[in-house]
Amino acid sequence: MTLVVFLLVAQSFSLVASRCPRCERTCRCSKLNLTRVPAVPSQLVSDLDLSFNRIKQILNPDFLAYAGLRVLVMNDNPIQTIQEDAFVPLSHLERLDLSHNNLQTLSPRWLRGLCSLQYLNLLGNRYKTLGEGSLFQTLKKLRILHVGGVFLQSIKMGDFSGLSDVFELFLDGKNLQEYEDGSLKEMGPISHVILDLSRVSVSHPRIVEAVLSDVVNPNTTLTFTDMLLLGKEHASLFRVVATLGATSIGLRNVNMSLPAVVEVLSLLAGSNLTSLTFDGGQFLLFNELSLLSQLHMPRLEVILFKDINIASFYNFPALFFLKPIIKTLRRVSLLNSTWFVIPCATFAKFTNLQFFDISDNIFTDLALSEMMCYGAVGLLDLQTINISRNFLHSINSRLFATLPKLQNIDMSGNMFQHMPETCLWPESLHFLNLSSSHLTKATRCLPPSLRVLDLSNNRLTEFYVELPFLAHLDISGNLIRTLPEGSLYPRLTFLSIQNNNLHEFSGNDLQVFKRLQKMKAGENPYFCSCEFVAFMTSGPANHEETVGAELDSYICNSPDAERGRPVADVRLSVFECHTVVAFTVLCSGFLAVCLLIAALCHRFSVMWYIRMTCAWLRAKRKPRLRKGPPQYDAFVSYSDMDSGWVEMHLVPELEQSDPPIRLCLHKRDFLPGGWILDNIMDAIEKSHRTLFVLSRHFVRSEWCKYELDYSHFRLFDQNDDTVVLILLEPIDKKTIPKKFCKLRRAMNSRTYLEWPHNDGQIPAFWKSLRVAIRRQETVPERFEMQTVNKDV
């Protein structure tokens with residue numbers, strides 16, 4: 001049982017260890033303790049890094065799903081076995097790194113399907129030979145080959161056959177014991193050859209001579225790496241180099257003593273050598289300065305010192321040992337090697353110097369002034385000077401003013417902080433680099449002759465310096481809020497203003513730059529307004545080439561809803577983009593709807609129905625006031641236009657009859673200050689009849705105000721028999737509004753009294769009216785008369 005659990009855990013761990021969590025188009029699977037090639041998450045993977053894992057073998061199925069792979073890195077694994085067809089699916093592979101594994105043999109069948117391979121690294125394995133047959137025969141496109149290691153012992157004819165287009169060869173043959181003449185010559189001329197022959201140069205000098213004879217020619221740059229040159233016996237191989245006509249030699253990670261330097265340079269004296277490079281390594285025992293008197297130098301044109309560790313550098317003779325060749329040098333580079341001073345007397349003798357680079361050293365303002373002879377140096381041919389990343393604190397342009405051909409100055413990476421208001425530069429200056437120098441303001445110190453200016457990664461908040469010839473401007477990595485004024489740079493074709501505080505810009509801003517072809521303005525805190533988004537995503541064709549290619553780097557910082565999104569993905573609503581217009585249209589639409597509703601309400605008397613409904617509901621809820629017989633004979637409702645007839649005829653005739661009829665007159669009996677609705681309700685409740693005086697005025701005027709609507713509704717709803725209609729003049733029933741459905745129904749269903757036009761019929765009219773009012777009377781009491789004046 002324990003064994004089963006152990007196997008399950010081991011299998012689970014193996015599955016976990018074979019996964020790659022950092023995998024998209026590029027899978028970075030380094031240092032994950034993988035024991036096999038992980039499963040591919042997508043066939044779109046182009047780069048796969050499996051370095052520094054625990055993979056021991058590569059099987060045929062491992063790369064079946066990696067058909068699109070272009071880069072495969074598997075260095076520093078304990079790989080011992082590669083099955084023959086493992087790399088067959090990788091027909092698009094361009095770079096393969098199998099360095100520093102445990103491969104003991106090399107098989108040409110591994111490489112037969114890699115028809116697109118351009119870079120192959122097999123360094124640091126355990127093979128002793130390059131295999132049987134032509135290992136590289138199928139690699140027709142191979143450009144860079146790194147091969148060999150401490151275990152490589154033999155190279156023979158045919159090992160490099162098929163390689164006719166190799167640009168760079170790195171051969172680690174420090175322990176070679178056998179070399180067949182002409183083996184490397186099969187590849188033809190190689191532009192750059194890097195050789196590690198550190199041990200075999202002493203133990204087997206014939207092998208070194210044979211290797212050099214096959215690779216050295218005047219067009220080849222030859223680099224020796226990882227060597228120790230302490231005496232004359234270690235420098236003998238350079239005699240062969242000088243004899244074979246090499247023109248360019250490099251020493252990489254080579255430790256040298258002063259006697260060895262003297263011997264090497266003496267062996268190269270009189271040769272065709274024009275370029276010498278010291279890259280890395282250390283100069284030892286430079287106290288024997290007397291040996292410099294024996295120095296014989298080749299006529300060099302290019303010399304480079306890079307990453308050199310000089311023991312007791314403060315005692316190092318500042319280029320004194322170069323005095324014999326100073327006048328012939330055209331390009332001098334002293335990089336990252338703790339150089340701190342070059343005397344004026346020495347620098348002034350570089351009469352043919354065109355390119356001078358002392359970047360990444362420890363020069364100060366005083367040391368630079370000394371080197372430049374305090375502005376008096378007269379190097380007539382100097383075109384480029386690089387003093388970047390030193391310890392300079394001031395822009396002393398006068399030091400370069402006397403150099404008539406100076407075109408390029410790189411002063412980046414220093415600690416200037418301030419720029420003078422005015423400066424004196426050579427008129428020929430076209431390129432100036434002041435990036436990463438802590439500058440807070442750009443002034444007229446900048447020379448107007450500039451074509452290229454780099455002020456990136458400073459602390460500038462604005463840039464308004466007129467430069468009429470400027471074509472390339474880089475002000476990225478500052479604190480600038482707006483685009484520079486385009487009229488100040490009429491010839492500008494390229495502008496980089498990335499990583500600033502730029503919030504937005506428009507087409508008008510770009511149109512001022514008459515010749516602008518390319519602008520990089522990403523990585524700014526953009527305010528994605530409607531105008532800006534519209535311009536960036538659907539602007540005129542003349543800006544698509546200017547900013548379109550970098551559109552993914554334009555990220556919104558506001559509004560909050562769009563923060564962090566690329567401008568190309570932002571979709572703003574119409575209300576956000578056209579707030580005033582949208583609000584106006586919305587309000588206009590709302591107003592139109594309101595007017596339409598109002599018109600419909602007026603046309604169909606909707607408000608009247610609402611008021612009547614409310615009146616009816618209130619009437620239903622109001623408790624009945626009358627608990628006994630009515631106190632009045634009649635409640636009169638009439639138009640104000642008919643008040644003359646009511647007061648002159650109706651009231652006297654009924655009140656003065658025998659017995660008298662009491663009418664409700666609001667002028668007389670309504671409670672002063674009381675609500676008219678309550679007075680009307682009380683009058684209706686206390687009246688035996690309700691008398692309507694109908695006329696054209698009654699129908700056409702605004703009769704049925706809210707209070708009377710209430711009373712009429714309750715009246716008609718409860719008891720139709722209480723209604724008495726008096727028609728003062730003929731009325732067409734069609735003229736009565738349909739909303740007065742109760743009145744229309746009453747006129748259709750009951751008899752009404754019509755005021756006669758013949759005086760002889762008037763007594764009969766009054767008699768009939770009295771009978772109608774007193775009909776079904778049950779209480780023979782006297783009632784007060786009260787009228788209601790109703791204005792409709």
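Let's start with one residue in this predicted model: Asp85, which is partly exposed at a relative accessible area of 32%. Is that side chain alone, or what does it meet? Asp85 and Arg112 come together in a salt bridge, 2.1 Å from N to O. Asp85 sits in the loop between β5 (81-82) and β6 (95-97), while Arg112 sits in the loop between β6 and β7 (119-121), so their pairing ties together parts that are 27 residues apart in sequence. Arg112 is partly exposed too, with a relative accessible area of 42%.

Side chains with opposite charges can pair when their charged atoms come close. How many salt bridges does the structure hold? The count is 12.

Another one of them joins Asp165 to Arg143, and here the closest N and O atoms are 3.2 Å apart. Asp165 belongs to the loop between β9 (154-155) and β10 (168-172), and Arg143 to the loop between β7 and β8 (144-148), so this pair links parts that are 22 residues apart in sequence. As for how open these two are, Asp165 is partly exposed with a relative accessible area of 40%, and Arg143 counts as partly exposed at 33% relative accessibility.

Asp172 forms a salt bridge with Lys174, with 2.9 Å between the closest N and O atoms. Are these two buried or exposed? Asp172 is buried, because its relative accessible area is 10% and the cut-off for buried is under 20%. Lys174 counts as buried as well, at 12% relative accessibility.

**The disulfides**

Next up are the cysteines. A disulfide is a covalent bond between the sulfur atoms of two cysteines. This structure holds three disulfides, and here they are with their sulfur-to-sulfur distances and the torsion about the S-S bond.

| Disulfide | S to S | Torsion about S-S | Hand |
|---|---|---|---|
| Cys344 to Cys373 | 1.8 Å | 105 degrees | right-handed |
| Cys423 to Cys445 | 1.8 Å | -90 degrees | left-handed |
| Cys528 to Cys556 | 1.8 Å | about -95 degrees | left-handed |

Let's take them one by one. Cys344 and Cys373 are joined by a disulfide, and that link is right-handed. Cys344 lies in helix α6 (residues 344-347) and Cys373 in the loop between α7 (365-371) and β21 (384-386), so the bond ties together parts that are 29 residues apart in sequence. Cys344 counts as partly exposed at 21% relative accessibility, whereas Cys373 is buried with a relative accessible area of 11%.

The link of Cys423 and Cys445 is left-handed, with -90 degrees about the S-S bond. Which parts does it tie together? Cys423 lies in the loop between β22 (408-410) and β23 (431-433), and Cys445 in the loop between β23 and β24 (452-454), so the bond bridges parts that are 22 residues apart in sequence. Cys423 counts as partly exposed at 24% relative accessibility, but Cys445 is buried, with a relative accessible area of 1%.

That leaves Cys528 and Cys556. Why is their disulfide left-handed? The torsion about the S-S bond of Cys528 and Cys556 is about -95 degrees, so it gets that label. Cys528 is found in the loop between β28 (526-527) and α9 (530-538), while Cys556 is in strand β29 (residues 556-558), so the pair connects parts that are 28 residues apart in sequence. Cys528 is buried with a relative accessible area of 2%, and Cys556 counts as buried at 3% relative accessibility.

Two other cysteines are worth a glance. Cys594 counts as partly exposed at 30% relative accessibility, and Cys601 counts as buried at 17%.

**A negative patch**

Finally, back to charges. Which residues form a negative surface patch? They are Glu485, Glu504, Asp509 and Glu531. To find one of them, look at the loop between β25 (472-474) and β26 (494-496), where Glu485 lies. Glu485 counts as partly exposed, at 36% relative accessibility. Residues in such a patch need over 30% relative accessible area and no salt bridge, so Glu485, at 36%, is over that area cut-off.

Technical notes: Residues numbered from 1 in each chain as written. Predicted model: local features only at pLDDT ≥ 70, side-chain atom pairs only at ≥ 80, totals over all residues. Heavy atoms only, no water. Patch = residues over 30% accessible without salt bridge, like charges linked within 9 Å, V, L, I, M, F, W, Y side chains within 5 Å. Areas by Shrake-Rupley, 256 points an atom, 1.4 Å probe, with all protein chains shown as cover. Salt bridge = Lys/Arg side-chain N within 4 Å of Asp/Glu carboxyl O. Lys, Arg positive; Asp, Glu negative; His and termini not counted. Charge placed at Lys NZ, Arg CZ, Asp CG, Glu CD. Helix = DSSP H or I, 4+ residues; strand = E, 2+ residues; numbered from the N terminus. Buried < 20%, exposed > 50% of the residue type's maximum accessible area, 1.4 Å probe, protein only. Disulfide = S-S within 2.5 Å.
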